Amino acid sequence: MGGAAGHGSSPAVLAASPGTMAPPKENVTILFKLYCLTVMTLVAATYTVALRYTRTVEKELYFSTTAVCITEVIKLFLSVGILAKETGSLGRLISSLNENILGSPMELAKLSVPSVVYALQNNMAFLALSNLDAAVYQVTYQLKIPCTALCTVLMLNRSLSKLQWFSVLMLCGGVTLVQWKPAQATKVQVEQNPWLGFGAVTIAVLCSGFAGVYFEKVLKSSDTSLWVRNIQMYLSGIVVTLGGVYISEGTQVLERGFFYGYTYYVWFVIFLASVGGLYTSVVVKYTDNIMKGFSAAAAIVLSTVASVMLFGLQITITFSLGAVLVCISIYLYGLPRQDTTKIQPSEPKSLKERLMHV
């Protein structure tokens, strides 16, 4: 099979799901987009529940940083496998890897930006949680949703209608309510610095919006295969996550081993994260980052409902209201039909016109 974008062939062949193929043309159908969004949502919801199980039920707790690193490695191998099927022969696969990986150091550097920014985001989120109450963090961190929408407008020359902006803000409120936990009087073991916390969460929000839209811009601004782009990003991701293992848990990993605490359930979580990552890249390529955010919100609702049945979590009024808002916002955002599979050409529109296009 020829290259996805360069030869007009299948845009995505997901080896992780047997028998799953994208439409034969670059102009993907709404059905294919819905399929990818649905699978991504279900995988993310299952991943959340399974991850909670491995972090709360397992006796020997594994190192989360090593699991993240292994996930990047698996995504890399899956992407190479899909690219092999896409190119059709071992010779063309090697030629493609030589041209786009070994022969394109600037492209590798370009795709290392999201990996580094996401690593910064995760560290800032940890710093924010260490200096803010959980409830305050939950509310402020949801600002990543409108931040992503703003980055989409500014970086991709795309316009959002008033209805879409309203749905984005509604989603932000809905996710906040879904994740809301009443403040509890708990003893704080370390001194907290709220200003440091707010600064950290602001950086995390900006990183989240920028990194996602930057990757979308790279994907849609050239005819390079999606799977080549994934390989480029996962290579840098492995380096970044290995650095995270060394910095966070290096001594313990050396003492107990890289795979300490791994069980079949842990490997299942890693598999879900890997497959979810591949579907996420397809969703970003053929829809947009805002739609990815709506999918993530739906996954939060589904995983919470599953937690009710599996872990005895109590459904609250705030969760029910938040879930309704999430569902309505997803419907409202999808009403205006736009082609989001490519970057819109620059037009002499003012910033105000792009921010509030009717």
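The model is predicted, so local features need pLDDT of at least 70 and side-chain atom pairs count only at pLDDT 80 or more, while totals for chains, interfaces and linings use all residues. Residues are numbered from 1 along each chain as its sequence is written, and side-chain values use heavy atoms, with hydrogens and water left out.

**Transmembrane regions**

- An unreviewed UniProt entry lists "transmembrane region" for residues 30-50, 62-84, 163-180, 195-215, 227-247, 259-282, 294-311 and 317-335; such annotations may be inferred rather than shown by experiment.
- Residues 30-50 are 100% helix and 0% strand, with the end C-alpha atoms 30 Å apart.
- Residues 62-84 are 91% helix and 0% strand, and here the end C-alpha atoms lie 33 Å apart.
- Helices (H or I, at least four residues) and strands (E, at least two) are DSSP runs, numbered from the N terminus.

**Helix α8 against α10**

- Helix α8 (residues 194-220) packs on helix α10 (residues 264-286) at an angle of about 70°, and their axes are 9 Å apart. Axes are lines fitted to C-alpha atoms, for helices over the stretch in contact, and angles run from 0 to 180 degrees between N-to-C directions.
- That angle makes α8 roughly perpendicular to α10. Angles under 35 degrees count as roughly parallel, over 145 as roughly antiparallel, 65 to 115 as roughly perpendicular and the rest as oblique.
- On the α8 side, Phe215, Glu216, Leu219 and Lys220 meet Ser281, Val284 and Lys285 of α10, where contact means heavy atoms within 4.5 Å.
- The residues of this contact of α8 with α10 divide into 3 nonpolar, 1 polar and 3 charged. Ala, Val, Leu, Ile, Met, Phe, Trp, Tyr, Cys and Pro count as nonpolar, Asp, Glu, Lys and Arg as charged, and the others, Gly among them, as polar.

**Helix α9 and its partners**

- α9 and α10 pack at about 125° with their axes 11 Å apart, and they are therefore oblique to each other.
- In the contact, α9 brings Leu226, Trp227, Asn230 and Tyr234, while α10 brings Gly277, Leu278, Ser281, Val282 and Lys285.
- With α2, the axis of α9 comes within 8 Å and crosses at roughly 160°, so α2 and α9 are roughly antiparallel to each other.
- The contact of α2 with α9 involves 16 nonpolar, 9 polar and 4 charged residues.

**Aromatic pairs**

- Rings of Phe, Tyr and Trp (its six-membered ring) pair if their centres lie within 6.5 Å; planes under 30 degrees apart count as stacked, over 60 as edge-to-face and the rest as tilted.
- By this rule there are 11 aromatic pairs.
- Tyr62 and Tyr262 have ring centres 6.1 Å apart and planes at 75°, so the pair is edge-to-face.
- Tyr62 lies in the loop between α1 (30-56) and α2 (64-87), and Tyr262 in the loop between α9 (226-256) and α10, so the pair ties together parts that are 200 residues apart in sequence.
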